[in-house]
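Dear colleague,

I am passing on the structure we spoke about, and it is shown just below. My notes on what was found in it follow, and I would be glad if you read them with the coordinates open.

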Amino acid sequence: MEAVSLSWQDIKQIVEQIAQQVEKTDQYQNEELEFVAGEVRGGLIPAVMLSHRLELPLAFHWGHAVGLWVDDIYDTGRTAMPYVMQPNLKTACLVSKVSVPPIDFVGHLGSPDSWVIFPWESQATTRLTNNGTLTYKPVENDSFQPINITEKLMEVNPHLRPQDQDNDNGPEIN
């Protein structure tokens, strides 16, 4: 299995390709598309990018509105199929590992035997072992550190103070 790393520049180009495909549709030209939504993990970043590019709002709940659902990769179809089956949704993926996916818009066709690494996954390194399995390990120089959001808010605005221990609604403004 070959590991393929995509850069942010690659992602921008793929998003632009998908945007151009969407702009050619009757739904977009007739202003019927009302939103862009993304699969919560891998599809959220490209959905935000497409939302800005197409000047459509990002949505998390859409009912029967007509929109575009986005994911990073189409592989087995398990994630996409519930959305593909909805008549009010158009579907898009940045990369498809299937030559003819049931997705409306595909930015790039990848190899079925490749492991695609997106730039937002760069917090870990990927290593391909001799037997074809992938392993992950944290990057040794990773500067990510968890923060206490209440402390940070209080640094920025000293008028904030934590609420009583019994109430878990976050900081209170004096």
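**Leu50 and the cores**

Leaving aside the neighbours within four places in sequence, Leu50 is in contact with Val15, Ile18, Ala19, Val36, Glu55, Leu68 and Val70. Please keep in mind throughout that this is a predicted model. Leu50 also belongs to the largest nonpolar core, which has 22 residues, and it is listed with Ile18, Leu68, Leu94 and Phe118 as having the most contacts inside that core. The elements α1, α3, β3 and β4 each supply at least two residues of this core, and α1 gives the most to it, with six residues. Apart from this core lies another, of 13 residues, among them Phe35, Ala37, Trp62 and Leu89.

**The sheet and its helices**

The sheet is open and is formed by four strands in the order β2-β3-β4-β5, with parallel pairing. Its edge strands are β2 (35–38) and β5 (105–109), each of which pairs on one side only, and the twist from one strand to the next averages 20°. Helix α1 (residues 8–23) packs on the sheet, where it touches β3, β4 (89–96) and β5, and its direction makes about 145° with that of β5. Helix α3 (residues 44–54), for its part, lies across β2, β3 and β4 and runs at about 165° to β2.

Between β2 and β3 (residues 67–74), which run parallel, there are four bridges; among the residues involved, Val36 has Leu68 as its bridge partner in β3, while Phe35 has Gly67 as its bridge partner in that strand. Seven of the eight residues of β3 are buried, so this strand is largely enclosed by the rest of the structure.

**Aromatic pairs**

A search of the whole structure finds five aromatic pairs. One of them is formed by Trp8 and Trp120, with the ring centres 5.7 Å apart and 50° between the planes, and this pair is tilted. Because Trp8 lies in helix α1 and Trp120 in the loop between β6 (114–117) and β7 (124–128), the pair ties together parts that are 112 residues apart in sequence.

Phe118 is buried, as Trp120 is. Elsewhere, ring pairs link Phe35, Trp62, Trp69 and Tyr83 into a cluster, and of these residues Phe35 and Trp62 are also among the members of the 13-residue core.

**Thr25**

Thr25 is placed in the loop between α1 and α2 (26–29), and Thr25 is buried, with a relative accessible area of 15%. Its side chain reaches the backbone oxygen of Val22 at 2.7 Å.

With best regards

Terms used: Residues are numbered from 1 along each chain as its sequence is written. This is a predicted model: local features need pLDDT of at least 70, side-chain atom pairs count only at pLDDT 80 or more; totals for chains, interfaces and linings use all residues. Side-chain values use heavy atoms; hydrogens and water are left out. Two strands pair if DSSP finds at least two bridges between them. Axes are lines fitted to C-alpha atoms, for helices over the stretch in contact, and angles run from 0 to 180 degrees between N-to-C directions. Contact means heavy atoms within 4.5 Å. Buried means under 20% relative accessible area, exposed over 50%, partly exposed in between (1.4 Å probe, protein chains only). A polar contact is a pair of N or O atoms within 3.5 Å; within protein, one must be able to donate a hydrogen and the other to accept it, and residues adjacent in sequence count only if both atoms are side-chain atoms. Rings of Phe, Tyr and Trp (its six-membered ring) pair if their centres lie within 6.5 Å; planes under 30 degrees apart count as stacked, over 60 as edge-to-face and the rest as tilted. A nonpolar core is a set of buried Ala, Val, Leu, Ile, Met, Phe, Trp, Tyr and Cys residues joined through side-chain atoms within 4.5 Å.
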